[in-house]
Amino acid sequence: MAKVIHIFYYFGLKKSSYLCKFANYYHRKIKNINMEYNHRQIEQKWQKYWAENKTYAAEENSTLPKYYVLDMFPYPSGAGLHVGHPLGYIASDIYARYRRHCGYNVLHPMGYDAFGLPAEQYAIQTGQHPAITTENNIARYRSQLDKIGLSFDWGREVRTCQSDYYRWTQWIFIQLYNSYYDNAKNKACHISELVSAFEKNGNETVKAACDDDTPYFSAAQWNAFSGKEKEDVLAKYRLTYLSETEVNWCPGLGTVLANDEIKDGLSERGGFPVERKKMLQWSMRITAYAQRLIDGLDTIDWADSIKESQRYWIGRSEGASVWFTVDGTDKKFEIFTTRPDTIFGITFMTLAPEHPLVMEITTPEQKKEVEEYIHATAMRSERERMADIGRISGAFTGAYALHPFTGDKIPVYIGDYVLAGYGTGAVMAVPAGDTRDYAFAKHFNIPIKPILEGKDISKEAYTAKDGTYIHDFIAGADYATAVGRVIDKLEQMRCGRGKIQYRLRDAVFSRQRYWGEPFPVYYKDGMPYMLDEKELPVLLPEVDKYLPTETGEPPLGHAKNWVSKDGYPMELNTMPGWAGSSWYFLRYMDPHNTSEFASEKALEYWRDVDLYIGGSEHATGHLLYSRFWHKFLHDMGYVPTEEPFKKLINQGMILGTSAFVYRVNGTNTFVSAGKKDQYQTTALHADVSLVQNNVLDTEGFKKWRPEYATAEFILEDDGRYLCGSEVEKMSKSKFNVVNPDDIVESYGADTLRLYEMFLGPLEQSKPWKTEGINGVSGFLKKMWRMYFDKDGNMCVTDETPTKEEMKTLHRTIKKVTEDIEHFSYNTSVSAFMIAVNELKDCHKRAVLEPLAVLISPFAPHIAEELWSQLGHQCSVARVSYPTFDDKYLIETTFEYPVMVRGKLRFKA
């Protein structure tokens, strides 16, 4: 101000009334700028306050009721966040803040699933250590998360790649190795109990989960076994064990991939071919928990779709196990069928191409055809084979199996629709009763044998279970009777038995990668041994190359002196990505404990996750593995609950609106959407930042990528280039990503938070439209003006509100509270907008104070500022949430329409 006056005097002007008027105007303008809703200033102020005061730290030794809100572990990718990623974080944050307002001690932590293939691939390309890449990515993630104003307790942050964390992942692995599953007790027990049983009685009376090929032995035989023989037997019972397993091998990446890392036979990362091959791998005996994993779904509050996904994946089936002998040999193979009643209709058998018996029984005449078929099948993923139900292919082995009841010779084929990892890897084919078998039989001209009286199978299989059976000892029987008789007969003849089977397979737990948890395992005389727990953590060693060795060993083969303290070689594989994410929710309860993964006191207080929010894509991966590990830890007495996550919500996806340009084929000319039908064109994605209201910035497009520098354009008649558009998944590769940092900078974090919730129901997918954000931004500015006048002065009064004002307030309190409880956040935002419109002329403290608290979970920065400006010294974060009073919602006046001769005349 003094500088302005000085300038006027400098030019010889006197301190006139004109100058005073100018100075007062300038002063008011500066003040008004300071008191306008300045989201940048406000948000930076309160984010700094929260960090310095640890506002969101969960209390230790609290007497308050607990509430644990958790987001699914993010992997810190190099691309950072786009506006789709914060959807779940904002939703969980609203609920965490709401529960704090309601008097709960809230645990709302965040960390990083930091081991992963992308960082390793980057290391292979650049030589930069994955730890550096991961640290840089985490720093960017943290910056973006902080800008959104999420109420995470950062003092509890964990990272799976840090040794003080993966020490306990290694510890859990050792506990699994030293345990078996006792079917009689229906729980895991220490392996020493099994050894004791073997020493006394052998294994004939032992009821435990084990490999199908586990031999029976007496106590005398066990006690006579060598140490190696005993270890071989125990490996068939341990909950984690070494075995030769069919895996998805990707030569281009030099590692095994999980099914969900493969798409159309190619690796999702890099697009490299994937083949099936057998490798010696660590596996987890998750199948031992199959029934408990199914039963536990009835005790948790998850969406039915996720529960059904897990039930289907686990795949419980009741039926019979049957052994077939290969004609002319002593070799046998097992099949499992849910339809033992159809056993007399078998006309061929089908083995998986990977079945270990295939090459042993294949005749010389069929060897070439079979080998070619096996090679072709190895190039297809299991998912691809399962999904391709219309494809009929196979090869005859030249061998025959003998029917257990009739002795008939049954031809044995191989077919890629049978999977080695599902069931026994072999099926009995009954064309008369199965659609796929019928198609296979027709394709290979195999006879079709009827099984039911009077059913027409001339054109298709008859798959129903009604009717009367026509063969042998089940002739005249109905379905239930036939099933019982067949199982009884199989058991009498000792060639089969009734059985419950699961689709679920034991989980492969080895990866041929560098960037993962090292196994606490060394090898002596070819046998695996666990390190002593005192030697944990086993630190990831340094290597000079991140590729497999020249001899095909995993990258840890490059490590120098990678041996135990006694000089024995260490395991060269590392653990899979899901190892660290299977128990991280427990570490948050006590993250700095150096003597155990979490204290009994902390575990007893926090117990389990009350609300878990994340994507449905994890239904049959992370959510299944973490339930398995949690149940195991419960069995061993380490955690107090059977299930880890009480309530699960799967947020939908925020979709991007992609922009398309149309290149005339064979040229570098691009034709506008309105004229593209006149040319042969190819649609290409364009960066959405170059498009405004479907109009392309052609000059910016030419500068965007080198290949477009010489681009020419065929424009609309009005001189514009119009792009096509399509709503699809937001992805860097589609150039439709919107960076939340840009939205926060332009509109503010509170606006972003409200807008993401306003887009639609939390569980549904919805398209992002940046243009729509202006409405939410305007709403916050309008709300701000309820507290400040046009000169920037606080205008809140202590006047008594009117009945209508109190009615609006309490109607909003009721609506928002109910919506939060039901996670209907989109309608909560609508309720706020309606309330502000109705209360825009209200400046009364009795209304505006509870309104500031009410909106705090959704827009915490503006709420904190308003609460502070209202004269409060404390943060709004733990102020009691407003409660509605019914008395304000009672209607005291009613309006009645008055009609005369069917026409509305007036209202009274």
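**Exercise 1.** Determine whether Ile374 is buried, partly exposed or exposed, and list its contacts.

Solution. Start with the class limits: buried is under 20% relative accessible area, exposed is over 50%, and partly exposed lies in between (1.4 Å probe, protein chains only). Ile374 has a relative accessible area of 23%, so Ile374 is partly exposed. The model is predicted: local features need pLDDT of at least 70 and side-chain atom pairs count only at pLDDT 80 or more, while totals for chains, interfaces and linings use all residues. Residues are numbered from 1 along each chain as its sequence is written, and side-chain values use heavy atoms, with hydrogens and water left out.

Ile374 belongs to helix α14 (residues 367-378); helices (H or I, at least four residues) and strands (E, at least two) are DSSP runs, numbered from the N terminus. Then take the contacts, meaning heavy atoms within 4.5 Å. Leaving out residues up to four places away in sequence, Ile374 touches Pro353, Val358, Met359 and Ile414. The C-alpha atom of Ile374 is also 9.9 Å from that of Arg276, 98 residues apart along the chain.

**Exercise 2.** Classify the packing of α24 and α27, and describe the contact.

Solution. Axes are lines fitted to C-alpha atoms, for helices over the stretch in contact, with angles from 0 to 180 degrees between N-to-C directions. For helix α24 (residues 749-758) and α27, the angle is about 120 degrees and the axes are 7 Å apart. Angles under 35 degrees count as roughly parallel, over 145 as roughly antiparallel, 65 to 115 as roughly perpendicular and the rest as oblique. The pair α24 and α27 is therefore oblique. From α24, the contact uses Leu754, Met757 and Phe758; from α27 come Tyr825, Asn826, Val829, Ser830 and Met833.

**Exercise 3.** Describe how helix α28 is covered, and by which helices.

Solution. Count first: in α28 (residues 845-855), 9 of the 11 residues are buried. Among them are Val847, Leu851 and Ile855. Then find the partners: the buried residues of α28 pack against α4 (86-101), α25 (773-784), α26 (803-821), α27 (825-838) and α29 (860-869).
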